[in-house]
Amino acid sequence: MKISVYITSFNKIKYIEKSILSVLSQTLSPYELLVVDDASTDGSKDLIQSFANKYPTIIKPIYNKNNLGIAKSRNIALNNISGDVITYLDADDYFYPNKLENEYNQLIKFPDIDIVYSNFDYID
């Protein structure tokens, strides 16, 4: 089972590094990580590209030429995903280290289910 993760971002340079690192440091590694940058103007694209250069087999960046909004950016991600299982986060969010593993284990344990989700902590 291949797990794909996507991140959507617009001007989130302050947060996106932590977001990307939280995916890369999972106890169960994803098959791919798509990062859709929605025409950021704050340097996010350069940071995303530096991660893509460092992890070319995992990270696939997509750079929107114009700001399209989060819904269209998510649809762009979904149209470019190649894994069997999809999960996502926004650039100002992050995963706990065992999120993918825990959700994967539930999918294996209960093969008739189609969706798994986990709780979150709201941090302001």
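Contact here means heavy atoms within 4.5 Å. This is a predicted model, where local features need pLDDT of at least 70 and side-chain atom pairs count only at pLDDT 80 or more, while totals for chains, interfaces and linings use all residues. Residues are numbered from 1 along each chain as its sequence is written, and side-chain values use heavy atoms, with hydrogens and water left out.

**Exercise 1.** Work out which strands are the edge strands of the open sheet.

*Solution.* Start with the order: the 4 strands run E3-E2-E1-E4, with parallel pairing. (Strands are DSSP runs of E, at least two residues, and helices are runs of H or I, at least four, numbered from the N terminus; two strands pair if DSSP finds at least two bridges between them.) Now look for strands that pair on one side only: those are E3 (59-63) and E4 (85-90).

**Exercise 2.** Find out how E1 and E2 pair.

*Solution.* Take strand E1 (residues 3-9) and strand E2 (residues 32-37): they pair in the parallel sense over 6 bridges. Then pick out Ser9, and you'll see Asp37 of E2 opposite.

**Exercise 3.** Is Tyr6 buried or exposed, and what does Tyr6 touch?

*Solution.* Next, check its relative accessibility: at 4%, Tyr6 counts as buried (buried is under 20% relative accessible area, exposed over 50%, partly exposed in between, with a 1.4 Å probe and protein chains only). Then skip the neighbours within four places in sequence and list contacts, among them Leu33, Arg74, Leu78 and Tyr88. Last, take Tyr88: 82 residues from Tyr6 in sequence, but 4.7 Å away in space, C-alpha to C-alpha.
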